[in-house]
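Q: I have a protein model open and would like to learn how to read its features one by one. Could you walk me through it?

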Amino acid sequence: MKKILVVGSLNMDFVIDVDKMPVPGETILAHGMRLVPGGKGANQAYAAAKLGGEVAMIGAVGDDQFGRLLKDNLTSVGVDVSGIETLAGCPTGNAIITVEEKGENSIIVVPGANAQLSKEMIDRHMDLVDACDMIIMQLEIPLDVVSYVKEIGMARGKQIILDPAPAKAGLPDSFFAGFDIVKPNETELQTLLGKTLQTPQELREGAQSLLRKGIGTVMVTLGGDGAWLVTDQSVEEFRACKVTPVDTTAAGDSFTAAFAVACSRGESYQQAIAFGNRVSGIVVTRPGAQTSIPTMEEVAALQ
């Protein structure tokens with residue numbers, strides 16, 4: 001099995017359950033609040049390890065209770081946390097997540113220590129980069145660090161996956177060039193391209209235009225409608241599992257992690273997407289981020 005390295009964010013999520021999202025100027029009452037380990041990077045590392053992957057992570061947390069809890073939670077599923085640095089005088093990242101009755105969420109991220117992840121930190125943990133076969137990144141850490149790790153990974157022949165969230169408009173083509181796989185959802189795809197894509201045909205054309213920025217393969221996740229695998233030769237569609245969602249938090253992260261784990265076992269992209277759909281189909285039926293991630297045995301029971 002290939003080794004996976006996640007370079008990314010760690011947040012403590014404040015999850016607030018509401019009947020509906022408030023509109024500007026509106027005050028609403030919540031049903032309650034939960035503290036749940038999260039952060040796109042940590043979610044992906046946790047999910048990949050819980051699904052049987054061999055995983056290490058590079059990131060940063062503050063010298064506080066939240067940082068310790070996040071590292072302990074990753075350790076509990078076997079993630080190598082030696083690359084997660086604890087920064088004095090800097091708070092651990094937080095995310096405020098409102099989840100409405102139908103399971104859709106809205107997220108505000110306060111980066112904290114994640115914004116302090118630096119090239120120098122990557123250099124201090126180059127042993128983890130050298131030891132891995134695959135690298136997963138997201139955009140909750142500084143863009144210059146993402147680019148730096150990508151260049152290092154390319155030079156060392158690593159397979160590099162980017163989950164471009166939170167999506168940012170106006171990124172140059174050079175930022176994307178060299179990634180083996182980029183996995184936006186349909187909203188993120190539109191943000192990355194800086195234009196509205198309303199029909200399935202427009203979404204396909206948008207994914208193909210993103211591909212032309214120098215990316216090996218584009219995967220577009222479409223929530224309950226499944227996912228697309230986009231190459232320079234074809235667009236393949238994969239149906240999602242039909243479920244009633246409770247909370248969509250970490251659905252995309254779990255899909256990315258499951259895809260990487262399947263690839264690390266030598267499975268094809270098609271098989272890996274099908275596996276990712278099964279995993280994320282379970283995740284959306286459970287509340288929270290890392291608390292919603294299934295075991296391999298639970299996923300196998302669906303087949």
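Q: Which side chains meet arginine 286 in a salt bridge, and how do I read such a pair?

A: The general idea is that side chains of opposite charge can pair when their charged atoms come close. A salt bridge here is a side-chain nitrogen of Lys or Arg within 4 Å of a carboxyl oxygen of Asp or Glu. In this structure, arginine 286 pairs with glutamate 298, at 2.9 Å from N to O. The two belong to distant parts of the chain, 12 residues apart: arginine 286 is in the loop between α10 and α11 (296-300), and glutamate 298 is in helix α11. Helices (H or I, at least four residues) and strands (E, at least two) are DSSP runs, numbered from the N terminus.

Q: What should I know about the model and its numbering before I go on?

A: This is a predicted model, in which local features need pLDDT of at least 70 and side-chain atom pairs count only at pLDDT 80 or more, while totals for chains, interfaces and linings use all residues. Residues are numbered from 1 along each chain as its sequence is written, and side-chain values use heavy atoms, with hydrogens and water left out.

Q: Are arginine 286 and glutamate 298 buried, partly exposed or exposed?

A: Buried means under 20% relative accessible area, exposed over 50%, and partly exposed in between (1.4 Å probe, protein chains only). Arginine 286 has 23% relative accessibility, so it counts as partly exposed. Glutamate 298 is partly exposed too, with 33%.

Q: How many salt bridges are there by this rule?

A: The count comes to 13. Some share partners, and in this way Lys40, Asp163 and Asp253 are joined into one network. Another bridge is that of lysine 213 and aspartate 173, whose closest N and O atoms are 2.7 Å apart. This pair also links distant parts of the chain, 40 residues apart: lysine 213 sits in the loop between α8 (200-211) and β11 (217-221), and aspartate 173 in helix α6 (residues 173-176). Lysine 213 is buried because its relative accessible area is 18%, whereas aspartate 173, at 43%, is partly exposed.

Q: Where do the buried residues of helix α2 fall when seen down its axis?

A: Start with the general idea: an α-helix has 3.6 residues a turn, so residues three or four places apart point the same way. In α2 (residues 65-75), the buried residues are Gly67, Leu70, Lys71 and Leu74. They fall within an arc of 95° (taken from the directions from the helix axis to the C-beta atoms), so they line one face of the helix. The face turned away from them carries the exposed residues Gln65 and Asp72.

Q: What do the buried residues of α2 pack against?

A: They pack against β2 (11-17), β3 (32-38), α1 (40-50), β4 (54-62) and β5 (80-87).

Q: Which residues touch the most other members of the largest nonpolar core?

A: In soluble globular proteins, nonpolar side chains tend to be buried together. A nonpolar core is a set of buried Ala, Val, Leu, Ile, Met, Phe, Trp, Tyr and Cys residues joined through side-chain atoms within 4.5 Å. The largest one here has 50 residues, and Ile4, Met57 and Leu74 touch the most other members. Helix α9 (residues 251-264) gives the most to this core, with 8 residues. A second, separate core of 44 residues includes Ala60, Cys90, Ile152 and Leu193.

Q: What is isoleucine 4 in contact with?

A: Contact means heavy atoms within 4.5 Å. Leaving aside neighbours within four places in sequence, the contacts of isoleucine 4 include Ala48, Val55, Cys132, Met134 and Val261.

Q: Which peptide bond is cis?

A: Most peptide bonds are trans. Here the bond from alanine 165 to proline 166 is cis, with omega near -5°. Proline 166 lies in the loop between β9 (159-162) and α6.

Q: How far apart are glycine 266 and lysine 2 in sequence and in space?

A: They are 264 residues apart in sequence and 8.3 Å apart in space, C-alpha to C-alpha. Glycine 266 lies in the loop between α9 and α10 (269-283) and, at 64% relative accessibility, counts as exposed.
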